[in-house]
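The following paragraphs lead a new reader through the structure shown below. They begin with the chain as a whole and then turn to individual elements and residues.

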Amino acid sequence: MDAILKGLTESQVQAVTHIDGPLLILAGPGSGKTRVVTHRIAYMIAQGVSPSQIAAVTFTNKAADEMRNRVGELAPGKPVWMGTFHRFCAQLLRRYAPLAGLSENYSIYDSSDSKQAMKRAIQAAEVSISHTSPEQIASTISNAKNRLVTPEMMASGSSRTGDVVAAKVYPIYQQQLLTANAVDFDDLLFHVAIMLRNNPELRSDLDARFRYILVDEYQDTNLAQYAIVRGLSIDNANLAVTGDPDQSIYGWRGADLNNILDFEKDYPAVKTVRLEQNYRSTPNILRVADQLIRHNRQRKQKDLYTHNQEGDAVVLRIFEDGYQEADGIADEITNAIRAEGMRPRDFAILCRMNALTRSLEHSMRSRGLPYQIINGVEFYQRKEIKDLLAYLHLINNPSHDVAFHRVVNVPTRGIGAKTIERLRRYADVNQVPMLEAARNVYQVEGIAKRSATFVTRFVEIYDRLSKKASATLEDLLRYLVEETKYEAFLEKSTVDQQDSSAIANVDEFISAAVEFDRQHPEDGTLEAFLEQVALVADTDAFEDSDDRVTLMTLHAAKGLEFPCVYIVGVEQGLLPHSRSMDTDAGFEEERRLFFVGITRAMQRLQLSICKRRTVRGDTRPAVPSPFLNELPLDELRKVESVVDRDWFDEDPDADNQYPESWDLADESDDIVMNGDTGNGDTGNGDAGEVHETAAPFFDEACQLPESELAEIVQVKKRKPASVPGLKTAADMLNGGMTPVTAYREGTQVRHIEYGEGTVISITGRGPKRTATVRFDDGEHHFRLAFANLEVIDV
DNA sequence: CAGACCAAGCTTTTT
DNA sequence: GCTTGGTCTG
């Protein structure tokens, strides 16, 4: 008991020792919330509460795992249910599937499955989508589910044209899901919420079963989640929620800030505990966060404070473009690791969009910095993995139409689009699964005998696979790959693309199956495996045990902390994102997102912006985020990297936009400079440049006072001017410039860090021309336009 | 019907 | 820049 309460502050003890009755913990960032929650669970158990009556619900598996580990230390071996909302609902639904019109082996569609299903429903509904799009309809229906709007309710109450279309599609989409014995992500919550509402007895049973419920990140709950939690806390109102209105960043997913703002109204007997002391960040960082979030109108004022030592000033850094931003940050991290004994795991780079991680990834890789990316293009989205998964899904649930569609002709076996279309029609008309239609192929109108034979052959393969359904996953998968000749198919289709990764992925997938078998010797069913796969998020891939730099989105970073944090692309249109800045609510949510990012940092924080940003292939001028103007500018350390060299090939307009760069754009096509702006009076010239570019740059968006411009620190990324006074391309060539074309395979080069090496290959062109160089300590890649290589011998 | 080749569209954020 | 979807040819 002492161990549980030891070292906690007054308010933390209050929260931990509260057992019965509603509890609201308003916890600012870094206030030890997880600690409070885990200690509270341990305390409850120590006070005699049965662990099996406690359910702790989180939003991510990562958060649940962390909680499980920490509770495990405090109260070993106690079976407290912990997991995500979706997993919680998936398990309830498994149990009570018939109440929702499902069988207990129902499948969970992932987002791409849902997308396919939606397209099919739109077709079947025979609606015109000329004034809307599948995405819009999907999002309307998703929102409806999150607000517990049923198809019937929507049919009666909508007016907007898009809604009318969606209202027509919705019932058909739902019907098709039921026919497929499947649910989408929203349904997991939706079905359970409706089930609780319609079955009072079940509701009260479960209310008693889960006497104590804890909900983490309560500010992110939507109406469906609210209804579920509420429904389970009527007879036993022992509901403890934690959250921070300032960290609500899932409004787009239907999260309703009012759920937390009104908690005290919902439960008048609530005990509210505020955790405002921050144990994570330096006062410098906290001031920046606080100043920013004060600009939100929709919030409860909260006073964040800390007793931590004053630390380094927060840095605002200005780069030329995204590539330099990536290189600059990678360089800094490299230096900090080398010079200050930091570890790669101490660093996180956060961005608004996954797409921004690409150049960062490149920069890290070229420096040999170990990194992990937490993003969307992950394992289970790969084609080959999705194929195999689809087979498994179909084995587990013969009604899984999306899976059927995916695998029926993979590997190709003579079943074409027309045949599939006819099967689909038959299935739609008769409301049977497509596999069923395939079994009845000879009754399906319009299918040629030849095609029907192929379909029958597929059904036979399927039936053989089905017999193995209860084998271990490993056996099943190996048999599947064998039986479908899947590897041969991969080899054939990738022979010209030199992409051997597909087969490696299949092997990795089998390893994952082996691992699952090992971890679940008793309950390792196919169903359990598929559910686990469906409910793991990309963010769950985060491994804090690995010593790597972490790259992720701001959303994925919630709940984490790092000694050093870089937030990239703090620009108009990116943060706030252009799709979110139209409404006040959207704009404020972006501000909260920025707030979340800032408060991840313990010791150091760097925000960066670029003058140009390349999005979707084309480069355009970037404008600093209006949020920057809301920060305490006078205490930020502003750093602008001097233009090392510029490169405007492939972008004829660029020199018009940035006339100050250099007037050599014409000749610069094939020239790379080694380490200098080529500007004779670098210091003055650059200062002038900065003034010219930065003044309008800031005046519009940030209103940075002129006096502060002078304080902008000039940082040279690479060697200082070595050959001043260059005027012409010819001069440059003589004066240490090396044309990109001078690099060939076999060229001997010298690098300032890696020493001497040999070019072993050249790829790309223009600014992207890249050399792979072998040094004594391994290979490194250099973009020649930016590389600091010196040619020794051609 | 398969496979190759080309055009369009599109990316916030996640369970 | 990349993926998806469509079209064309064998």
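**The chain as a whole**

Among contacts in chain A between residues at least 6 apart in sequence, 75% join residues at least 24 apart, where a contact means heavy atoms within 4.5 Å. This is a predicted model, in which local features need pLDDT of at least 70, side-chain atom pairs count only at pLDDT 80 or more, and totals for chains, interfaces and linings use all residues. Residues are numbered from 1 along each chain as its sequence is written, chains are lettered from A and ligands numbered from 1 in the order in which they are written, and side-chain values use heavy atoms, with hydrogens and water left out.

Chain A contains 31 helices and 25 strands; these are DSSP runs numbered from the N terminus, with helices being H or I of at least four residues and strands E of at least two. Of the 794 residues in chain A, 55% are buried. Buried means under 20% relative accessible area, exposed means over 50%, and partly exposed lies in between, with a 1.4 Å probe and protein chains only.

**The nonpolar cores**

The largest nonpolar core has 71 residues, of which Leu93, Val169 and Leu188 touch the most other members. Such a core is a set of buried Ala, Val, Leu, Ile, Met, Phe, Trp, Tyr and Cys residues joined through side-chain atoms within 4.5 Å. Helix H10 gives the most to this core, with eight residues. Not counting residues up to four places away in sequence, leucine 188 touches His86, Cys89, Ala90, Leu93, Tyr106, Ile108, Val183 and Leu535. Apart from this core lies another, of 51 residues, which includes Leu392, Leu394, Met434 and Leu476.

Leu535, one of the residues that leucine 188 touches, is also one of the buried residues of helix H26. This helix spans residues 526–535 and is mostly covered, since seven of its 10 residues are buried.

**Two helices in contact**

Helix H10 (residues 185–198) packs against helix H11 (residues 200–209) at an angle of about 110°, and their axes are 5 Å apart. H10 is therefore roughly perpendicular to H11. Axes are lines fitted to C-alpha atoms, for helices over the stretch in contact, and angles run from 0 to 180 degrees between N-to-C directions; angles under 35 degrees count as roughly parallel, over 145 as roughly antiparallel, 65 to 115 as roughly perpendicular and the rest as oblique. On the H10 side, Met195, Leu196 and Asn198 meet Pro200, Leu202, Arg203 and Leu206 of H11.

Glutamine 176 is found in helix H9, which covers residues 161–179. It counts as buried because its relative accessibility is 16%. The side chains of glutamine 176 and aspartate 428 are joined by a polar contact of 3.4 Å. Leaving out residues up to four places away in sequence, glutamine 176 touches Ala117, Arg120, Ala121, Ala124 and Asp428.

Glutamate 487 lies in helix H24 (residues 486–493) and, at 26% relative accessibility, counts as partly exposed. Among the residues it touches, not counting those up to four places away in sequence, are Ile503 and Asp507.

Serine 511 belongs to helix H25, residues 501–519, and is partly exposed, with a relative accessible area of 44%. The C-alpha atoms of serine 511 and glutamate 474 are separated by 8.0 Å, although these residues are 37 residues apart along the chain.

Conventions
A polar contact is a pair of N or O atoms within 3.5 Å; within protein, one must be able to donate a hydrogen and the other to accept it, and residues adjacent in sequence count only if both atoms are side-chain atoms.
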